[in-house]
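The exercises below ask you to read a fold from its coordinates, each with a worked solution. Please keep the model open while you work through them.

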Amino acid sequence: MVMATTTSTAAITSLASITLEVADPEAARRFYSAFGVDTYILQASEAHSTGFRGFTLALTVSGPATVDGFVGAAVDAGATVLKPAAKSLWGYGGAVQAPDGTIWKIATSAKKDTGRATREIDEVVLLLGVADVKATKQFYVGRGLTVAKSFGGKYTEFAPGQSSPVKLALYKRRALAKDLGVPADGTGSHRIVLGSTADTFTDPDGFAWEAAAPLAHTPS
């Protein structure tokens, strides 16, 4: 599935695309079409990976009914519920795991519906679970990314471009795993490749970036 992002400044490095590495690309395409998210770049991979892969893709939507709709569509298409959708202090949301292993969080800040359920996604955030948020933040700042929000060593969000459908954010690995309802341990490949507008590199937590020209958003 292809999603393009840029930072709001002339960054040395910015996020151009996301590639999910899956064992069966055609099956993954069928799942994501039924789930209702835009099609990512998918590439075949048999790379060894066990446990938590260290990231999640989070969808922000308008209300609880829309959360339930996306969760239901994912389950009907073969996803596993990791955390049932429920109210919390910050809103309403849940988490599911796609058949390819990717974890998706669907959430809203609204606790009550003010309209009918839709299939619209307000925002997509790629959350990387990292060992040291401050250190990894400085690594990315050093490569030209702009910090939009930062809460000490707990969370950092980088500024995307005006037309970017995906935000990049950092969260402590164990806290992210707890939020998703999975054990924090995991080994092997993250099974995700981030497209860089600059060079190829690997960040402190092993997330791989490959040089790639910015790609236009395409519908599923």
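**Exercise 1.** What covers the buried residues of helix 2?

*Solution.* Begin with the conventions: the model is predicted, so local features need pLDDT of at least 70 and side-chain atom pairs count only at pLDDT 80 or more, while totals for chains, interfaces and linings use all residues. Residues are numbered from 1 along each chain as its sequence is written, and side-chain values use heavy atoms, with hydrogens and water left out.

Next, locate the helix, bearing in mind that helices (H or I, at least four residues) and strands (E, at least two) are DSSP runs numbered from the N terminus. Helix 2 spans residues 64-76, and its 13 residues reach 18 Å from the first C-alpha to the last, close to the 18 Å expected at 1.5 Å a residue, where the expected span is 1.5 Å times one less than the number of residues.

Then list its buried residues, taking buried as under 20% relative accessible area, exposed as over 50% and partly exposed as in between (1.4 Å probe, protein chains only). In helix 2 these are P64, T66, V67, F70, V71, A73 and A74. An α-helix has 3.6 residues a turn, so residues three or four places apart point the same way.

Finally, search for contacts, meaning heavy atoms within 4.5 Å. The cover includes helix 1 (25-35), strand 4 (55-60), strand 5 (80-87), strand 6 (92-97) and strand 7 (103-108).

**Exercise 2.** Determine how G72 is placed in helix 2, and find what follows the helix.

*Solution.* G72 has a relative accessible area of 27%, and therefore counts as partly exposed. From its C-alpha to that of V96, 24 residues away in sequence, the separation is 9.8 Å. After helix 2 comes G78, whose phi is positive, near 115°.

**Exercise 3.** Work out the strand order of the eight-strand sheet and how its strands pair.

*Solution.* Count two strands as paired if DSSP finds at least two bridges between them. The eight strands then form an open sheet in the order 5-6-7-4-8-11-10-9, with mixed pairing. Its edge strands are strand 5 and strand 9, each of which pairs on one side only. Neighbouring strands are turned by 15° against each other on average, direction ignored; axes here are lines fitted to C-alpha atoms, for helices over the stretch in contact, and angles run from 0 to 180 degrees between N-to-C directions.

Within this order, strand 4 and strand 8 (residues 123-130) run antiparallel and are joined by six bridges, with L127 in strand 8 as the bridge partner of T56. Helix 2 packs on the sheet, where it touches strand 4, strand 5, strand 6 and strand 7, and its direction makes about 10° with that of strand 6.

**Exercise 4.** Are the residues on the two faces of strand 10 buried or exposed?

**Exercise 5.** Describe the five-strand sheet, and place V193 in the fold.

*Solution.* This open sheet has the order 2-1-13-15-14, with mixed pairing. Strand 2 (41-44) and strand 14 (201-202) stand at the edges with a single partner strand each, so one side of each is left without a neighbour in the sheet. Strand 14 and strand 15 (residues 208-211) pair in the antiparallel sense over two bridges, and F201 has W209 as its bridge partner. Helix 1 packs on the sheet, touching strand 1 (15-22) and strand 2, and its direction makes about 150° with that of strand 2.

V193 belongs to strand 13 (residues 192-196) and counts as buried because its relative accessibility is 8%. Leaving aside residues up to four places away in sequence, V193 touches S17, I18, T19, E21, Q43, A208 and E210. The C-alpha atoms of V193 and S17 are separated by 8.4 Å, although the two residues lie 176 residues apart along the chain.
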